[in-house]
Amino acid sequence: MVSELDNDRLLRALARQPVDRTPVWMMRQAGRYLPEYRRVREQAGSFMNLCRDADLACEVTLQPLERFPLDAAILFSDILTVPDAMGLGLYFEPGEGPRFQRPVRDATAIDALPVPDVGTELAYVTDAVAVIRRELAGRVPLIGFSGSPWTLATYMVEGAGSRDFRHIKALAYDDPAALHRLLAKVADAVTDYLNAQSAAGAQALMIFDTWGGALAHDAYREFSLAYAQRVIEGLVREREGRHVPVTFFTKGGGLWLERMAECGADALGLDWTIDLGEARRRVGERVALQGNLDPSILYARPTVIREQVARVLAEYGQGSGHIFNLGHGIHPQIPPEHAAAMVEAVHALSPAYHGI
């Protein structure tokens, strides 16, 4: 039986079905820009404590919905939960972001990596999904997510974030077979992880390929897109009598839109470096599109934010198949009232682009 939703605008737009206005949500909509999030984060004691407490993860997931009339909730978690479950020793260095105690940089380390048991080692994530879905009570859909195999592998090999990706690129060119084994192992873990999230109640899924744009043209298709497609092909695409849509987002991926549109995803996320109308012309009717306001525009005054929202809506033009979002995650320093101005502008201006 299909579970009832008070607001299924997101799911309809992902299926390119008619909607009354463009749905809107924000990447990283639960996070440090909200003072109520910062209070809960302090209560939890650490970021991972917050992720591992289903009730607290639920609380911060729902916080943005209390402030803004958004069309989706997205699970509060971290993209590095999968490599953490593979025994790499995830920790967070104050002011420097995530790090791994035991990065993998050669074939021996890669082949020794265990495949995580999602049902046990990542049960805290699926527990959070179940609690959030229950507390949403059909208000809006819940989005589950994972990092892409390539993006997760970059952290696993580099041991942290990187500007030049020298370790993983050296591996890609010196020992591509070893990197392919790593990506295959991660892809299978990500597939299991996303399927577990949808089984627990996530009604849509998203794959974040944050670092795909760091690759050369052919290398992107070989090391990033191919493994995202492997994940997508392994997903259970129907739950509760409803299709489970998947959005694939590569930051800096505008060069490869046509190839990305063939990967099996229902929608492509776009960063702010590409014209939304051009992207729509290039992919045709194959996929919906999500994006793509530059997050830094939210530093501007509300009148400017409204003008820029109007520009993005006009670029996409008439009809369904557009999910309004930022071109990447909201910055921690953004005033919440500026996020509100963006959402209000989408509500006010987008009905003109829809005929119902």
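Keep in mind that this is a predicted model. Let me start with two residues, Tyr220 and Trp256, both of which are buried.

A pair of aromatic rings is described by the distance of the centres and the angle of the planes. The count of aromatic pairs here comes to seven. One of them is formed by Tyr220 and Trp256, with 3.9 Å centre to centre and 10° between the planes. Planes under 30 degrees apart count as stacked, and the pair of Tyr220 and Trp256 is stacked. Which parts does this pair tie together? Tyr220 lies in helix α12, residues 217-233, while Trp256 is in the loop between β8 (246-250) and α13 (257-260), so the pair links parts that are 36 residues apart in sequence.

There is also an aromatic cluster, made up of Tyr37, Phe47, Phe76 and Phe92.

The charged end of Arg280 sits over the ring of Tyr316, at 4.0 Å from its centre. Arg52 lies over the face of Tyr124, and there the distance from the ring centre is 5.3 Å.

Now the helices. Two packed helices are described by the angle between their axes and the distance between the axes. Take α4, residues 54-67, and α8, residues 123-136: their axes come within 8 Å and cross at roughly 45°. The two helices α4 and α8 are therefore oblique to each other. Their crossing is right-handed. On the α4 side, the residues that meet α8 include Ala54, Cys58, Leu62 and Leu65, and on the α8 side the residues that meet α4 include Ala128, Val131 and Ile132.

Last, two single residues.

Back in helix α12 we find Ile232. Its relative accessible area is 3%, so Ile232 is buried. Leaving aside neighbours within four places in sequence, Ile232 is in contact with Ile207, Arg237, Val246, Cys263, Gly264 and Ala265. How far apart in space are Ile232 and Asp275? They are 26 Å apart, C-alpha to C-alpha, and 43 residues apart in sequence.

The other residue is Asn325, in strand β11, residues 322-326. Is Asn325 buried or exposed? Its relative accessibility is 0%, so Asn325 counts as buried. Not counting residues up to four places away in sequence, Asn325 touches Trp25, Met26, Met27, Gln290, Gly291, Asn292 and Leu293.

That is the end of my part. Thank you.

Key
Residues numbered from 1 in each chain as written. Predicted model: local features only at pLDDT ≥ 70, side-chain atom pairs only at ≥ 80, totals over all residues. Heavy atoms only, no water. Phe/Tyr/Trp six-rings, centres within 6.5 Å; stacked < 30°, edge-to-face > 60°. Helix = DSSP H or I, 4+ residues; strand = E, 2+ residues; numbered from the N terminus. Buried < 20%, exposed > 50% of the residue type's maximum accessible area, 1.4 Å probe, protein only. Lys NZ or Arg CZ within 6 Å of the ring centre and 35° of its normal. Axes fitted to C-alpha atoms, helices over the stretch in contact; angles between N-to-C directions. Parallel < 35°, antiparallel > 145°, perpendicular 65-115°, else oblique. Left-handed = near helix turned anticlockwise from the far one by under 90°. Contact = heavy atoms within 4.5 Å.
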